[in-house]
Amino acid sequence: MDYVEIIARVCYSAIFILFGINHFTKLDGMTQYAQSKNVPMAKIMVLFTGAVILFGGLSVLFNCQAQYGAPLLIGFLLISAVKMHNFWAITDPMAKAGEMASFMKNISLAGATYFIYCSNHATCVVK
(Lines give C-alpha, C1' and ligand atoms only; values in the text may rest on other atoms or scores of the structure.)
Protein backbone atom coordinates (compact mmCIF):
# COMPACT_ATOMS: atom_id res chain seq x y z
CA MET A 1 0.00 0.00 0.00
CA ASP A 2 1.47 3.35 -0.98
CA TYR A 3 1.33 6.60 0.99
CA VAL A 4 -1.39 8.14 -1.17
CA GLU A 5 -3.69 5.19 -0.51
CA ILE A 6 -2.99 5.38 3.23
CA ILE A 7 -3.79 9.10 3.28
CA ALA A 8 -6.97 8.47 1.27
CA ARG A 9 -8.09 5.73 3.66
CA VAL A 10 -7.47 7.98 6.68
CA CYS A 11 -9.36 10.89 5.10
CA TYR A 12 -12.28 8.70 4.04
CA SER A 13 -12.68 6.66 7.21
CA ALA A 14 -12.21 9.53 9.69
CA ILE A 15 -15.86 10.63 9.48
CA PHE A 16 -17.12 7.14 10.29
CA ILE A 17 -14.69 6.55 13.13
CA LEU A 18 -15.44 9.96 14.68
CA PHE A 19 -19.21 9.64 14.28
CA GLY A 20 -19.10 6.04 15.52
CA ILE A 21 -17.30 7.14 18.68
CA ASN A 22 -19.78 10.03 19.06
CA HIS A 23 -22.64 7.54 19.10
CA PHE A 24 -21.18 6.20 22.35
CA THR A 25 -19.72 9.33 23.96
CA LYS A 26 -22.71 11.54 23.14
CA LEU A 27 -25.32 8.83 23.63
CA ASP A 28 -27.97 10.99 25.31
CA GLY A 29 -27.92 13.71 22.66
CA MET A 30 -27.83 11.22 19.81
CA THR A 31 -30.73 9.32 21.38
CA GLN A 32 -32.78 12.52 21.66
CA TYR A 33 -32.09 13.30 18.01
CA ALA A 34 -33.09 9.77 16.97
CA GLN A 35 -36.28 10.08 19.04
CA SER A 36 -37.08 13.37 17.29
CA LYS A 37 -36.89 11.46 13.99
CA ASN A 38 -39.22 8.73 15.36
CA VAL A 39 -36.57 6.02 15.37
CA PRO A 40 -37.92 2.99 17.24
CA MET A 41 -35.84 1.83 20.24
CA ALA A 42 -33.75 4.97 19.75
CA LYS A 43 -31.06 4.28 22.35
CA ILE A 44 -30.48 0.73 21.15
CA MET A 45 -30.40 1.91 17.53
CA VAL A 46 -27.87 4.64 18.35
CA LEU A 47 -25.61 2.05 19.99
CA PHE A 48 -26.12 -0.40 17.12
CA THR A 49 -25.45 2.14 14.38
CA GLY A 50 -22.46 3.47 16.32
CA ALA A 51 -20.96 -0.02 16.31
CA VAL A 52 -21.78 -0.48 12.61
CA ILE A 53 -20.13 2.73 11.45
CA LEU A 54 -17.16 2.36 13.79
CA PHE A 55 -16.52 -1.18 12.52
CA GLY A 56 -17.08 -0.07 8.92
CA GLY A 57 -14.74 2.90 9.25
CA LEU A 58 -12.00 0.84 10.89
CA SER A 59 -12.37 -1.96 8.33
CA VAL A 60 -11.85 0.50 5.47
CA LEU A 61 -9.04 2.32 7.27
CA PHE A 62 -7.04 -0.86 7.82
CA ASN A 63 -8.35 -2.67 4.71
CA CYS A 64 -9.28 -5.54 7.00
CA GLN A 65 -12.69 -7.18 6.66
CA ALA A 66 -13.71 -4.33 4.33
CA GLN A 67 -15.81 -6.84 2.38
CA TYR A 68 -18.12 -6.77 5.42
CA GLY A 69 -17.54 -3.23 6.68
CA ALA A 70 -18.18 -1.48 3.36
CA PRO A 71 -21.65 -3.01 2.79
CA LEU A 72 -22.56 -2.15 6.39
CA LEU A 73 -21.56 1.45 5.75
CA ILE A 74 -23.56 1.53 2.51
CA GLY A 75 -26.65 0.22 4.29
CA PHE A 76 -26.26 2.68 7.15
CA LEU A 77 -25.71 5.62 4.80
CA LEU A 78 -28.71 4.89 2.59
CA ILE A 79 -31.09 4.16 5.46
CA SER A 80 -29.99 7.16 7.51
CA ALA A 81 -30.20 9.43 4.45
CA VAL A 82 -33.87 8.58 4.03
CA LYS A 83 -34.86 8.24 7.69
CA MET A 84 -32.79 10.93 9.38
CA HIS A 85 -32.35 13.55 6.65
CA ASN A 86 -35.81 13.67 5.06
CA PHE A 87 -35.49 17.23 3.76
CA TRP A 88 -38.65 16.83 1.63
CA ALA A 89 -40.76 16.75 4.81
CA ILE A 90 -39.35 19.99 6.28
CA THR A 91 -40.87 23.41 5.69
CA ASP A 92 -38.30 25.71 7.35
CA PRO A 93 -35.90 26.75 4.53
CA MET A 94 -32.74 26.73 6.69
CA ALA A 95 -33.51 23.36 8.28
CA LYS A 96 -34.46 21.98 4.87
CA ALA A 97 -31.13 23.11 3.38
CA GLY A 98 -29.17 21.53 6.23
CA GLU A 99 -31.02 18.22 5.93
CA MET A 100 -30.63 18.23 2.15
CA ALA A 101 -26.87 18.74 2.52
CA SER A 102 -26.69 15.83 4.99
CA PHE A 103 -28.86 13.69 2.71
CA MET A 104 -26.59 14.37 -0.27
CA LYS A 105 -23.46 13.74 1.85
CA ASN A 106 -24.81 10.32 2.83
CA ILE A 107 -25.75 9.43 -0.75
CA SER A 108 -22.32 10.55 -2.02
CA LEU A 109 -20.50 8.61 0.70
CA ALA A 110 -22.59 5.52 -0.11
CA GLY A 111 -21.43 5.77 -3.73
CA ALA A 112 -17.81 6.23 -2.69
CA THR A 113 -18.08 3.27 -0.34
CA TYR A 114 -19.36 1.14 -3.20
CA PHE A 115 -16.24 2.03 -5.19
CA ILE A 116 -14.07 1.06 -2.22
CA TYR A 117 -15.97 -2.22 -1.91
CA CYS A 118 -15.53 -2.94 -5.65
CA SER A 119 -11.80 -2.28 -5.52
CA ASN A 120 -11.46 -5.26 -3.17
CA HIS A 121 -14.31 -7.50 -4.29
CA ALA A 122 -14.73 -9.52 -7.46
CA THR A 123 -18.53 -9.69 -7.66
CA CYS A 124 -19.50 -6.06 -8.19
CA VAL A 125 -22.24 -4.87 -10.49
CA VAL A 126 -19.94 -2.25 -12.02
CA LYS A 127 -16.32 -3.08 -12.92
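A110 touches I74, L77 and L78 once residues up to four places away in sequence are set aside, a contact being heavy atoms within 4.5 Å. The model behind this is a predicted one, where local features need pLDDT of at least 70, side-chain atom pairs count only at pLDDT 80 or more, and totals for chains, interfaces and linings use all residues. Residues are numbered from 1 along each chain as its sequence is written, and side-chain values use heavy atoms, with hydrogens and water left out.

A110 also sits in the largest nonpolar core, a set of nine residues that takes in Y12, F16, I53, V60, L73, L77, L109, A110 and I116. A core here is a set of buried Ala, Val, Leu, Ile, Met, Phe, Trp, Tyr and Cys residues joined through side-chain atoms within 4.5 Å; buried means under 20% relative accessible area, exposed over 50%, and partly exposed in between (1.4 Å probe, protein chains only). Two or more residues come from each of helix 1 (3–25), helix 3 (42–61), helix 4 and helix 5, with helix 5 giving the most, three residues. Helices (H or I, at least four residues) are DSSP runs numbered from the N terminus. There is also a second, separate core of six residues, among them L27, A34, A42 and V46.

Turning to the rings, the count comes to five aromatic pairs. Rings of Phe, Tyr and Trp (its six-membered ring) pair if their centres lie within 6.5 Å, and planes under 30 degrees apart count as stacked, over 60 as edge-to-face and the rest as tilted. F87 and F103 have ring centres 5.3 Å apart and planes at 70°, so this pair is edge-to-face. The pair links distant parts of the chain, 16 residues apart: F87 is in the loop between helix 4 (66–84) and helix 5 (93–119), F103 in helix 5. Both F87 and F103 are buried, and together with W88 they form one aromatic cluster.

Y114 and Y117 make a tilted pair, 6.5 Å centre to centre with 35° between the planes. They are separated by about one helical turn, because they lie three residues apart in helix 5. Y114 is partly exposed at 26% relative accessible area, whereas Y117, at 16%, is buried.

Y3 lies in helix 1 and counts as exposed, at 69% relative accessibility.
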